[in-house]
Amino acid sequence: MNQFIRDNVEKSEFLVHRSVFTDREILARERAEIFNKCWLFLGHETEISELGDYRRKKVGGRNLLFVRSQDGEIRALFNTCPHRGALVCRENEGNSRVFRCFYHAWSFKNDGELVGMPGKDGFPEDFNNDGTKNMKAVNRVENYRGFVFVNFDENAISLDEYLGNAKEYIDLVVDQSEYGLEALGGIQEYSVRANWKLLAENSVDLYHGMPTHKTYFDIKQDQDPNLKRVQLEGEGVELDNGHGVIEYVAPWGRPVAQWTPIWDEELKNDMEEMKVKLAERFGEERADRIANYNRNIVIFPNLVINDIMAVTARTFYPTSPGYIEVSGYSLAPKGENEAHRMARNNNFLEFLGPAGFATPDDNEALELCQEAYNNNEEVEWNDISKGMVRGEGNALATDEVQMRNFWRQYNARIQASLNKEKEVAQK
Amino acid sequence: MTVKTITRQDVVDFLYTEAKILDEWRLKEWAALFTDDGTYKIPPIGDPEASATKSLFYAHDNRDRLQERAERLLKKEAHVEYPHSTTVHNYNNILVSNLDSDVITVECNFTIHRTKREVMDTFIGKHTYELVEQDDEIKIKSKKVVLHLDSLRPHGKISLIL
Ligand code: FES
Ligand SMILES: [Fe+2]
């Protein structure tokens with residue numbers, strides 16, 4: 001019997017078995033039960049804002065083309081030629097009405113329809129009347145407030161239902177802008193030599209904030225001595241379907257409407273105006289929550305939206321138990337003025353990204369965990385019980401309830417598949 | 001106007017000295033190579049002319065921030081570089097232009113190896129410098145690092161000064 005978590009509420013102990021980070025068979029099961037069945041983030045709709053815009057994406061182990069076809073529809077085409085399989089589109093991004101496979105020169109409209117092939121007389125009259133020679137599209141593509149997801153399971157519940165009460169938090173992020181958010185250019189494609197679930201955990205782990213990112217806080221406190229008064233206060237919340245969030249008071253400037261002395265006075269006026277506008281739209285309380293609180297959201301299994309000193313969305317996919325490919329996005333209000341945007345981007349770069357003053361230390365932490373799982377045979381369990389003693393609904397942002405919720409969902413999916421296999425074996 | 005006395009050899013020596021300072025992790029000395037308005041930038045991969053308001057840079061430092069970058073990496077709590085990795089900065093194909101004007105432009109290819117915990121990563125690309133003469137010394141007014149990589153994989157991070 002494989003037991004991956006030990007969930008002992010009475011003893012306030014929650015354990016995760018370390019084999020889930022290193023075992024190849026488990027990764028294969030995760031592919032089948034999680035990445036082939038859950039909603040996965042494909043990209044932000046503003047990455048392809050014009051008709052014909054496209055970007056190559058790797059999602060759930062597939063090569064996809066994220067495209068806005070000539071009919072205005074957003075599609076995810078499998079980037080493989082129906083003829084003999086070659087990758088059809090080789091550019092990372094661009095704008096095109098047609099994609100042409102170079103191997104035998106079949107060409108396709110940007111909705112996938114086959115429109116040209118040399119030597120047509122070698123094929124029957126009714127060739128492709130059934131559409132099987134078109135580039136195949138992912139059937140389930142859904143959009144929530146600009147975040148576009150795919151699901152490879154045709155029977156999956158809707159994205160709306162899947163996101164459930166996590167939508168409340170996505171709304172708080174998106175509502176900071178009157179005109180919606182846009183993805184900046186320069187998506188950061190990097191990697192971490194660690195298991196994918198460690199990054200999901202780390203993204204909603206405020207407990208590590210101080211020890212791991214001390215150098216960042218040192219710099220911030222030099223810039224603004226008042227920062228010392230701010231504690232990482234807030235709550236951790238378990239959401240539907242394994243999603244989770246931490247929401248806490250921002251200990252840094254937020255380029256929504258929380259000014260900091262390192263920014264120009266001019267920006268201060270601008271931000272105060274923004275806050276007034278937010279209050280007009282949403283009332284004081286919600287305006288305050290949007291402007292002055294941070295949110296780190298994990299959408300099960302592998303999308304993280306951090307609304308912190310800037311807004312970043314990250315998605316990551318394992319190529320082996322100990323290696324992930326991460327794509328990091330920066331999202332910002334459309335039409336933000338230049339000075340504001342610069343303040344936001346500086347904020348982003350100072351903490352986030354592979355050359356920031358914090359993210360590389362996170363990656364180092366995950367890589368050290370992964371490396372030390374060489375000791376799995378003898379040292380078997382991770383502890384994720386912080387805050388359990390406080391009881392249901394009382395978790396602090398620095399507790400680990402949001403991670404336990406991730407693991408419970410993870411375990412439910414994996415165990416269901418193990419049980420099904422056992423039943424089949426017993427018959 | 002001062003009479004320009006900097007030679008191509010001076011510029012080359014200056015670059016090699018910078019590389020050596022970086023390999024020896026003498027990062028405060030590195031920061032001191034910059035003018036008071038000096039900048040250090042790493043634009044997004046594949047888009048070296050990107051605008052910093054429309055695209056996400058890896059680094060976009062003014063003089064203060066490059067100082068912070070240097071000092072941070074010397075702390076024990078900069079965990080990613082504790083203990084420090086071993087690096088080798090190689091500069092090649094050095095092209096010096098505008099030797100006799102106020103701002104000297106230099107381009108060079110670089111190959112930078114970083115090794116830590118028995119894993120080696122190699123960064124390749126092109127540096128562009130703007131150099132000026134100040135108090136009889138060469139100073140960096142700007143340094144732009146253009147990575148010639150497809151992505152930051154498998155490197156995953158830029159935790160050294162490129
Ligand atoms: S494989 Fe694409 S045209 Fe033959
Ligand atoms: Fe972190």
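Which spacing do the donors of the iron ion (ligand 2) follow along the chain? They follow H-x4-H-x148-D. This is a predicted model, in which local features need pLDDT of at least 70 and side-chain atom pairs count only at pLDDT 80 or more, while totals for chains, interfaces and linings use all residues. Residues are numbered from 1 along each chain as its sequence is written, and side-chain values use heavy atoms, with hydrogens and water left out.

The protein donors (N, O and S atoms within 2.8 Å of the metal, or 3.2 Å for Na, K and Ca) are A:His208 (NE2), A:His213 (NE2), A:Asp362 (OD) and A:Asp362 (OD), lying 2.0 to 2.5 Å from the iron ion (ligand 2). A:His213 sits in the loop between helix H5 (209-212) and helix H6 (214-223) of chain A and A:Asp362 in helix H10 (residues 359-372), so the pair ties together parts 149 residues apart in sequence. Helices (H or I, at least four residues) and strands (E, at least two) are DSSP runs, numbered from the N terminus.

Relative accessible areas are tabulated below; buried means under 20%, exposed over 50% and partly exposed in between (1.4 Å probe, protein chains only).

| Residue | Relative accessible area | Class |
|---|---|---|
| A:His213 | 3% | buried |
| A:Asp362 | 5% | buried |
| A:Met117 | 12% | buried |
| A:Cys38 | 0% | buried |
| A:Cys369 | 33% | partly exposed |

A:Met117 is in the loop between strand E10 (114-116) and strand E11 (140-144) of chain A. Leaving aside residues up to four places away in sequence, A:Met117 touches A:Ala105, A:Trp106, A:Phe123 and A:Phe127, where contact means heavy atoms within 4.5 Å.

Terms used. Chains are lettered from A and ligands numbered from 1 in the order in which they are written.
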